[in-house]
Amino acid sequence: MGVLLQVRFMDQQQWYRLGACWKRRISGPAPGLLDPNLQFNKFPKGFTSTDWLAVQLVEGSGRCSGHVEVYFEGMWCTVCDDFGDEKEAHVVCRQLGCGTAVSTPGEAHYGQGSGPILLDDVQSSGTELYLGQCSHAGWFTHNCGHGEDAGVICSADNFSELSLITVPKDLTPPPPPTGAWMAVRLVNGTGRCSGRVEVLIQGTWGTVCDDLWDLAEATVVCHQLQCGQAREAPTGAHFGAGSGKIVLDDVQCVGSESHLGQCVHRGEAGHNCGHLEDAGVICAGAWMALRLVNGTERCSGRVEVLIQGTWGTVCDDLWDLAEATVVCHQLQCGQARAAPTGAHFGAGSGKIVLDDVQCVGSESHLGQCVHSGEAGHNCGHLEDAGVVCTGASMAVRLVNGTGRCSGRVEVLIQGTWGTVCDDFWDLAEATVVCRQLQCGQAREAPTGAHFGAGSGKIMLDDVQCVGSESHLGQCVHSGEAGHNCGHLEDAGVICAGRTRVTFGIIY
């Protein structure tokens, strides 16, 4: 039988049960009891997360009676009633802080459960602290149906059971044990893996106060949501202030817990926060879809990201080649050539979903970079960010010249041929065109519709090449939406053409 001990922790009186295994951890006077590893229902060192299975009793008269369900790999499962004796039920009651077992009704006494049957032939020695420590037939190994779901009736609700110390009447009984499972979601971020932390308590979603909140707590949230590693633990309502109840405060995790409910924390009654202190999390797994819009091909244009089913733009604050590098890498568009700002590819519409994006440059996708979400931006669409990647290749032809190596420049964008405005057009740009067409050196870069005015769309303007690019799409440029030209400004090129010798005649 364990002993009830009254312990002060973080200015809150709580009750802790000291079982046989836990007693072996104490080798000294009372200060040893303040070891964080002795918080109620948080499994001690030496136990694994599969030793500790979250347990609940369902469809009974309260939390201390009902059919047995255990939480395993993201779902609640039932237990077959082939218990050896009441020892197994005692373990369930002990884990839930519900005293001792009074009865073990079988044959779905509390109604048939649903979902998988996780455990059968559970056998206890009587000393286990958690049901997961008991021997059993193996995960999902059973010969039962839900008509044999196990039930348990415990002797007490919330620590009124027999103890060596009587609980004083003036003390409020504690809330449900720290180890209780709680659902978690991240709200108002860029996807399901970043945002304001909210937890589901007794059917109501509420926020978490940021007191003591850091990467250890964020790590547990990311692990619980299967969102990879924790990147940040933003505080101060970074993802906007929530509403309704603040359900947790002073959350303290080691970082190895499998869910947030295993961490030490205060409940709703103990918080001293407002919603301007709502905690947030950014996980590495916050992958977001990207596209580049209004450029010359899929590898250049205005950056747009898909957040909760809606495409939105990115503010250009802090935007440079590091961020563009990540975008190009994610889109498999080669290296970043430029990171145009100021709505270079035209102003978008709708939501601005990211701001203050800061990448190292080695990230595999934009969601891994530090950023503010929609709620935190201070931009308008005239600050939409853009990207030009080296992979933005486009077909080029020369029209109305003396052959394929001279004429008016036309490019193929999204299945349509269009002309190029002659603003900034000179030999550097002509050199790239001649190289792309394998037409030798550039001789001239005629402007002013030298080869006649084209028709249809003007696809490119303000083209600026270094001269070493392998194709015109690698040069910085404005797309169709950004031009201020007419066809009397169509650009042209004259290349030297290939030199070849046939029967002694030079062509």
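Glu-410 is buried, with a relative accessible area of 7%. The exercises below concern a predicted model.

## Exercise 1

Solution. 

1. Judge the burial. Buried means under 20% relative accessible area.
2. Look for polar partners. The side chain of Glu-410 makes a polar contact of 2.8 Å with the side chain of Arg-397. Another polar contact, of 3.1 Å, joins the side chains of Glu-410 and Arg-408.

## Exercise 2

Task: How many disulfides does the structure hold, and which parts of the chain does the pair Cys-315 and Cys-379 link?

Solution. 

1. Take the total. There are 14 disulfides in the structure.
2. Check the pair. The sulfur atoms of Cys-315 and Cys-379 are 1.7 Å apart, and the two residues form a disulfide. The cut-off for a disulfide is 2.5 Å between the sulfur atoms.
3. Read the handedness. The angle about the S-S bond is -75°, and the link of Cys-315 and Cys-379 is left-handed.
4. Find the two ends. The pair links distant parts of the chain, 64 residues apart. Cys-315 sits in the loop between strand E18 (310-314) and helix H4 (321-330). Cys-379 sits in the loop between strand E21 (370-372) and strand E22 (386-389).
5. Judge the burial. Cys-315 has a relative accessible area of 1% and is buried. Cys-379 is buried too, with 12%.

## Exercise 3

Task: Describe the disulfide of Cys-421 and Cys-485, then that of Cys-434 and Cys-495.

Solution. 

1. Start with Cys-421 and Cys-485. A disulfide joins them, with 1.7 Å from S to S.
2. Cys-421 is in the loop between strand E25 (416-420) and helix H5 (427-436), and Cys-485 is in the loop between strand E28 (476-478) and strand E29 (492-495). They are 64 residues apart, and the pair links distant parts of the chain. Both Cys-421 and Cys-485 are buried.
3. Turn to Cys-434 and Cys-495. Their sulfur atoms are 2.0 Å apart in a disulfide. With -90° about the S-S bond, this link of Cys-434 and Cys-495 is left-handed.
4. Cys-434 lies in helix H5 and Cys-495 in strand E29, so the pair ties together parts 61 residues apart in sequence. Both Cys-434 and Cys-495 are buried.

## Exercise 4

Task: In which sense does strand E11 pair with E10, and in which sense with E13?

Solution. 

1. Take E10 and E11. Strand E10 (residues 194-201) and strand E11 (residues 204-208) pair in the antiparallel sense, over four bridges. Ile-201 stands opposite Thr-204 in E11.
2. Examine the turn. E10 and E11 form a hairpin with two residues between them. Gln-202 in this turn has a positive phi of about 50°.
3. Take E11 and E13. Strand E13 covers residues 246-252, and E11 pairs with E13 in the parallel sense over two bridges. Val-208 has Leu-248 in E13 as its bridge partner.

## Exercise 5

Task: Which residues of helix H4 are buried, and what covers them?

Solution. 

1. Count. Seven of the 10 residues of H4 are buried, so the helix is largely enclosed by the rest of the structure.
2. Name them. The buried residues are Ala-322, Glu-323, Ala-324, Val-326, Val-327, Cys-328 and Gln-330.
3. Find the cover. It includes strand E16 (289-294), strand E19 (336-338), strand E20 (352-358) and E22.
4. Check the ends. Asp-320 caps the N-terminal end of H4, with a side-chain oxygen 3.1 Å from the backbone nitrogen of Ala-322. Gln-332 follows H4 and has a positive phi, near 55°.

Note on methods: Residues are numbered from 1 along each chain as its sequence is written. This is a predicted model: local features need pLDDT of at least 70, side-chain atom pairs count only at pLDDT 80 or more; totals for chains, interfaces and linings use all residues. Side-chain values use heavy atoms; hydrogens and water are left out. Buried means under 20% relative accessible area, exposed over 50%, partly exposed in between (1.4 Å probe, protein chains only). Two strands pair if DSSP finds at least two bridges between them. A polar contact is a pair of N or O atoms within 3.5 Å; within protein, one must be able to donate a hydrogen and the other to accept it, and residues adjacent in sequence count only if both atoms are side-chain atoms. Contact means heavy atoms within 4.5 Å.
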